[in-house]
Amino acid sequence: MSQDFDLESLVNLEQSFYDAGHSDGFAHGQIHGLIEGRALGREKGFEMWEELGFYEGFALMWQAVYASQGKEDDRALNHIKHLLELISRFPRVNPSSSDSSSDLDIPKLFRQIRSRYKALCSSLGVRPSLRASSDTQSKEQSMKDDFDDTANSKPEKSVWNIERGASGSEGLSF
């Protein structure tokens, strides 16, 4: 019985399995990375626009208050005007590399908007509110749970008996 057995193919067997696994994993990672990247981008974009919408609504509300009072030359109005101008410069669509707006530094613009909002709050004497929606919801839920716990709780018996002495001092007995 003569069998021809090729030992050369066995030498590269581990490497060939490694290469096949790597290429399959790389293709799988590209697909899922694209899906996860889109989901993360959508989530972060929503959070950014939620914050910007809050700032814009805040500025428009104070602008209307100042207009109804007839105030035209005020530091707060200057901050409102600049804040609304910065928000209007924020891109409404996802900038691509071929657009002329791709050189816009979004994190820098966002920091400028936040700074202008803080300056506006300072000039109005209002405490700035910089909360993300997920933080707000979890804090509200924990506050509701705390309220429910205190409303439904019964006074507990103390573990140690406290006896008052004749002189009014407290003595502990175990």
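Here is a tour that goes from the whole chain to single side chains.

**Before you click**

This is a predicted model, so to speak of local features pLDDT must be at least 70, and side-chain atom pairs count only at pLDDT 80 or more, while totals for chains, interfaces and linings use all residues. Residues are numbered from 1 along each chain as its sequence is written, and side-chain values use heavy atoms, with hydrogens and water left out.

**Stop 1: the whole chain**

Switch to cartoon and colour by secondary structure: there are five helices and two strands. Helices here are DSSP runs of H or I with at least four residues, strands are runs of E with at least two, and both are numbered from the N terminus. Walking from the N terminus, you pass α-α-α-α-α-β-β.

The protein exposes about 14300 Å², and carbon and sulfur atoms supply 53% of that; areas come from the Shrake-Rupley method with a 1.4 Å probe, and for residues only the protein chains shown count as cover. Of the 174 residues, 14% count as buried. Buried means under 20% relative accessible area, exposed means over 50%, and partly exposed is in between (1.4 Å probe, protein chains only).

A contact is heavy atoms within 4.5 Å.

**Stop 2: the N-terminal end**

Select Leu 7, Leu 10, Leu 13 and Phe 17. What do they form on the surface? They make a nonpolar patch with about 410 Å² of accessible area together. Patch members have over 30% relative accessible area and no salt bridge; nonpolar side chains (Val, Leu, Ile, Met, Phe, Trp, Tyr) are joined within 5 Å, like charges within 9 Å. Helix 1 (7-11) and helix 2 (13-69) each supply at least two residues of this patch. Click on Leu 13, which is found in helix 2: its relative accessibility is 37%, so Leu 13 counts as partly exposed.

**Stop 3: along helix 2**

Helix 2 has 57 residues and reaches 83 Å from first C-alpha to last, close to the 84 Å expected at 1.5 Å a residue. That expected span is 1.5 Å times one less than the number of residues.

Show side chains for Glu 51, Leu 52, Tyr 55, Phe 58, Ala 59 and Tyr 66, which are buried in helix 2. Bring the rest back, and you'll see that their cover includes helix 3 (75-89) and helix 4 (106-124). Just after helix 2, check the backbone of Gly 70: its phi is positive, about 80 degrees.

**Stop 4: helix 3**

Move on to 75-89. Helix 3 has 15 residues and reaches 22 Å between its first and last C-alpha, close to the 21 Å expected at 1.5 Å a residue. At its start, a side-chain oxygen of Asp 74 reaches to within 3.3 Å of the backbone nitrogen of Ala 76.

The buried residues of helix 3 are Ala 76, Leu 77, His 79, Ile 80, Leu 83, Leu 84, Leu 86 and Ile 87. Helix 2 and helix 4 are among what covers them.

Zoom in on His 79. Is it buried or exposed? At 13% relative accessibility, His 79 counts as buried. Setting aside neighbours within four places in sequence, His 79 is in contact with Arg 116, Ala 119, Leu 120 and Ser 123.

**Stop 5: the salt bridges**

How many salt bridges does the structure hold? It holds three, each a side-chain nitrogen of Lys or Arg within 4 Å of a carboxyl oxygen of Asp or Glu.

- Pick Glu 51 and Arg 114: their closest N and O atoms are 2.7 Å apart. Glu 51 lies in helix 2 and Arg 114 in helix 4, so the pair ties together parts 63 residues apart in sequence. Arg 114 is partly exposed, at 32% relative accessible area.
- Next, Glu 47 and Lys 44, with closest N and O atoms 3.6 Å apart. Both lie in helix 2, three residues apart, about one turn of the helix.
- Finish with Arg 89 and Glu 85, at 3.8 Å between the closest N and O atoms. Both lie in helix 3, four residues apart, about one turn of the helix. Arg 89 is partly exposed at 43%, and Glu 85 is partly exposed at 36%.

Terms used: Polar contact = N/O pair within 3.5 Å; in protein donor to acceptor, adjacent residues only side chain to side chain.
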